[in-house]
Every structure is written in C-alpha cells, then in structure tokens.
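Dear colleague,

I am handing over the structure we spoke about, and I would be glad if you could look through it before reading my notes. The sequence and the model come first, and the notes follow.

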Amino acid sequence: MIPTKKEQNPNLSLTKDYATTVMILEHLPDAIFILDSAGVIQYVNKSALDLLQTSFQKLKGNLIDEVFSKSINTEEGKESLEKQIRNGKIQNLDTHLVFEGVSVPVYASFNVIENNKGDSDFIIVSAKNASFQKALEKELRHQQILTISRDRIRALGELS
C-alpha cells in the first residue's frame with residue numbers, strides 16, 4: 001500500500017489549515033486580535049493594522065490593555081482588561097482602540113478559547129470600526145439641536 005501525502009507528512013495538513021485560517025482572518029473587515037492566556041497580543045490582522053495605522057511588529061507583544069481605552073472600573077478597583085474578559089465581566093464593549101496617538105471608536109467582542117482541560121489557551125478579540133456610525137450620530141444630534149433652536153426662536157417670534 002502506498003502512503004498518502006497526509007500519511008507521509010502529517011504536518012502538511014496542519015500547515016495548510018494554518019494558512020487557510022490566516023487567509024480568512026486577513027480577509028475579514030473587522031480588526032482581529034489573538035491574545036495568549038496572559039492577554040499579550042500574538043496576532044493582528046491587516047484590518048487592525050490599517051485601523052491603527054501601525055505595523056505588526058509594534059503591536060505584537062503588547063498587552064491588550066495598551067490598545068483599548070482605559071478598562072472599566074470594578075468594585076475591587078482597576079482590573080486588567082484581560083482579567084475582566086477571562087472572568088466573564090466583559091463580552092461586548094463600545095470603546096476606542098488607542099495606539100500611538102490614533103483613536104478609533106469600535107464595537108468590540110471578546111471570546112475566551114478553552115482547551116480540553118477547561119484552561120484558557122487564548123482570547124480572540126474582534127473590533128468593528130464605528131467611526132462612520134459615530135459621525136452620523138453626532139450629525140443627527142446636531143440637527144436635533146438646530147431644530148429645537150429654530151422652534152424656540154419661532155415660538156418667541158409668535159409671542160412678540
């Protein structure tokens with residue numbers, strides 16, 4: 001019996017799976033961060049790099065706390081973002097990505113990936129750019145203020 005390519009080189013399948021996964025992550029429009037169990041950035045896709053206007057070398061090795069705006073307060077005081085994610089206190093967050101003077105509003109989702117033993121191996125963070133929506137909301141509020149102002153001026157004119 002002739003061995004198949006997979007039997008000849010079992011790492012070939014693993015390498016192909018890895019390459020396929022990376023291609024998929026690079027294609028996504030959302031910013032994707034993969035963190036190790038300590039909350040240190042191990043992978044960032046091109047969308048995240050474009051959003052933060054930086055390079056992979058500058059982001060890799062940073063704690064996730066250094067990329068997201070300040071973590072939220074808890075009763076115990078300040079707790080790292082990684083611990084809040086791991087404890088299930090944060091799953092979705094309306095926040096900002098902040099790095100080297102660049103600040104981008106995002107909607108972020110966090111997911112802890114556990115191994116067979118129930119220990120967390122890594123954390124996946126996805127962040128959707130909310131700049132356009134935030135700009136629209138700001139414009140809507142501005143238009144509402146102008147409408148209220150015009151109505152008040154009209155009412156004053158009618159009173160006089």
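Below is what was found, from the whole chain down to single residues.

Please keep in mind that this is a predicted model. The protein chain has six helices and seven strands, and from the N terminus on its elements run α-α-β-β-α-α-β-β-α-β-β-β-α. Of the 160 residues in the protein chain, 28% are buried, while the chain exposes about 11,100 Å², of which carbon and sulfur atoms supply 57%. Among the contacts with a separation of 6 or more, 40% are made by residues 24 or more positions apart.

The largest nonpolar core has 27 residues, and those with the most contacts inside it are F33, L59, V67, F68, L97 and F110. Two or more residues come from each of several elements, including β1 (31–36), α5 (81–86), β5 and β7 (120–129), and the largest share, five residues, comes from β6. Leaving aside residues up to four places away in sequence, V67 touches F33, I41, L52, L59, H96, L97, V98 and F99.

With residues up to four places away in sequence not counted, T95 touches F68, S69, V104, P105 and V106. The C-alpha atoms of T95 and F68 are separated by 7.3 Å, although these two residues are 27 residues apart along the chain.

With best wishes

Note on methods
Residues are numbered from 1 along each chain as its sequence is written. This is a predicted model: local features need pLDDT of at least 70, side-chain atom pairs count only at pLDDT 80 or more; totals for chains, interfaces and linings use all residues. Side-chain values use heavy atoms; hydrogens and water are left out. Contact means heavy atoms within 4.5 Å. A nonpolar core is a set of buried Ala, Val, Leu, Ile, Met, Phe, Trp, Tyr and Cys residues joined through side-chain atoms within 4.5 Å. Buried means under 20% relative accessible area, exposed over 50%, partly exposed in between (1.4 Å probe, protein chains only). Helices (H or I, at least four residues) and strands (E, at least two) are DSSP runs, numbered from the N terminus. Accessible areas come from the Shrake-Rupley method with a 1.4 Å probe; for residues, only the protein chains shown count as cover.
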